[in-house]
Each structure stands twice: as structure tokens, then as C-alpha cells.
Amino acid sequence: MIGSDRRANASRLPLVTAAGALASLLLAACGTPPAGAASAGAAPAAAASPTPIPTAAATPVVQSPPAGRNLIVNGDAEAGPGTDGETVAPNVPGWTRTGDFNAIAYDTNGSGNYPTPNDPGPPDRGRNFFAGGPNTDHSRAVQTIDVSDMGAALDSGRVSYTLSAWLGGYRGQDDQVQLAARFLSADGRLLATASLPTVLDSDRGGKTALLPRTTSGTVPASTRRIEIDVDMIRKAGNANDGYADDLALVLNGAT
Ligand SMILES: [Ca+2]
Ligand SMILES: [Ca+2]
């Protein structure tokens, strides 16, 4: 099964053009807010608002993190269109991509090529999930969350984090996702890294599936930025079948 990857026509697939990639980066830089309910209201401080802020509503000093809110923009892959998996989405809002990091629509046609709405996965999966692309060993997406407005609270050492996502892969292949959050100081010093346990074929029982993964801990004092790093790794076939959906980073504590 491993040698017979079902997507043999990848060689004719269009590559993302430099212009397209630039447009994606520019759109990502605009911090397009997510459309999906799962991420609604989760716009992090890092996202530059496209709407001018009235002078009277000068940015308040935030002393505490927004408890319970997901700080990851477009963690559910719903903010842009998903492809059929054979092409790469021209725009994945909120993320800076390398390789062919993709947003794919859940397979409603039952082609067997990708997770369906009924395969094991998040109950609120929406229409799309993230994947590693049609023909790439390694794809990556990074999002940097600015938490400097919570600095005083973070420096108390009493703010906790929970990093979670649904991670998965394809049938008997060990294509996988490595998802980490890096806690950085104002000058970019790495203070700590939190990583989700990976999901391998053995975890999925040889079936196409996404499984929940979570890790939690204390946000290191001096943290001012949190970098979310999603690595999709191909182990078999043409397609990079690292799958992810419903990525979330929630901070709690410090009043
Ligand atoms: Ca989704
Ligand atoms: Ca594969």
C-alpha cells in the first residue's frame, strides 16, 4: 500500500508562483481574521487590524491574558478556501509557509484520498484541514503571536498555556505532523519549547484519521512572542499526508 500512492499525477501540478507566495505573505501580514466560529474572536495581538482604530479607543494596557481564547489565527484552516489536495491553496491566511503547506477540503466525495467528514477527527472540523501538500517531503507553516501586551502578567510566572490540535495521517503511512510552540523573549531568545506528541500510523491503527493531542505548562517569564511551528513530514507516497486541524493555544491565569 505504501508504494502505491494514489496521487500519481503530482508531476503535472502547478507550483506556487513567487508572486502567489508573495501575495500569501502579504495577506498573512494583514492578519486576516478567521471566518470559522472555532477561531472567532481569537485575533491575537500580533494581527495588525485592517481597520483604523479610533483615537478615543486607544489600545488599553492588557494586564491579563484573554482566558479561554484561542490565540492562533486560522488554526482551523477555515479562513481560506480548501483545495482537493491535488493543488496547493494560493493563500492560507495567518501562516507563513514553506514547501507546499496546504489547506484541503475534507473529502466529501469519498475518493479515499483524504480524510472525509466521517473519518475520526474533530467534531467541529468545518470544511478544511491542513496538510503537507501534493508532492513534498517537508512542508512548514509558522505563525508568530505577539503577547507583549500581557508582559506584566507573563512575568509573574503564573500564566499557564495549553497547546492543542488534532493531528493525523493517511492509512498505513507514517506521514506526520510535528507541532511546537516556541516561547521567545523581546530580543528573540528562546525561553522554552512546547511540543505536541506526534500521531503515527500505529496510533491510528492503519486508518486515515486525526487524533487529539495536547500539552500544557507555564509560560516562561519574559515571554513576549510565541511562535507556532507546524511541520508536515512525508514518509511514504507522493503526497505529504501530515494532517492537522483545530490548532489552539490558550493562556490562562494571572489576575
Ligand atoms: Ca477545519
Ligand atoms: Ca503520503
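Begin with the open sheet of five strands whose order is 1-4-9-6-7 and whose pairing is antiparallel. Strands here, like helices, are DSSP runs numbered from the N terminus, with at least two residues (E) for a strand and at least four (H or I) for a helix; two strands pair if DSSP finds at least two bridges between them. At the edges select strand 1 (96-98) and strand 7, each of which pairs on one side only. From one strand to the next the twist averages 20°, where axes are lines fitted to C-alpha atoms (for helices over the stretch in contact) and angles run from 0 to 180 degrees between N-to-C directions.

Before moving on, note that this is a predicted model, in which local features need pLDDT of at least 70 and side-chain atom pairs count only at pLDDT 80 or more, while totals for chains, interfaces and linings use all residues. Residues are numbered from 1 along each chain as its sequence is written, and chains are lettered from A and ligands numbered from 1 in the order in which they are written.

Next, select strand 6 together with strand 9: nine bridges join them in the antiparallel sense. Gln-178 has Asp-231 of strand 9 as its bridge partner, and Leu-179 has Val-230, also in strand 9.

Ala-181 is bridged to Ala-194 of strand 7, and Leu-184 stands opposite Leu-190. Five residues lie between the strands of this hairpin, where Gly-188 takes a positive phi near 85°.

Turn to the other open sheet, in which five strands follow the order 2-3-10-5-8 with antiparallel pairing. Strand 2 and strand 8 are at the edges; each has a single partner strand, so one side of each is left without a neighbour in the sheet. Neighbouring strands are turned by 35° against each other on average, direction ignored. Within this sheet, select strand 3 and strand 10, which run antiparallel and are joined by three bridges; Phe-130 stands opposite Ala-244 of strand 10.

Which residues touch the most other members of the largest nonpolar core? Among its 48 residues, they are Phe-130, Leu-167, Ala-244 and Leu-249. Such a core is a set of buried Ala, Val, Leu, Ile, Met, Phe, Trp, Tyr and Cys residues joined through C-beta atoms within 7 Å. Elements that give two or more residues to the core include strand 3 (128-133), helix 2 (151-154) and strand 5 (160-169). Its largest share, six residues, comes from strand 10.

Centre on Leu-167, whose contacts beyond four places in sequence include Val-177, Leu-196, Tyr-243 and Ala-244; a contact requires C-beta atoms, placed from the backbone, within 7 Å.

Finally, select Gly-237 in the loop between strand 9 and strand 10. Is this glycine buried or exposed? Gly-237 counts as buried because it has 21 C-beta neighbours inside 10 Å; buried means 20 or more other C-beta atoms within 10 Å, exposed 12 or fewer, and partly exposed in between, with C-beta atoms placed from the backbone. Asp-137 is 100 residues from Gly-237 in sequence, and their C-alpha atoms are 9.8 Å apart.

How values were computed: Contact = placed C-beta atoms within 7 Å.
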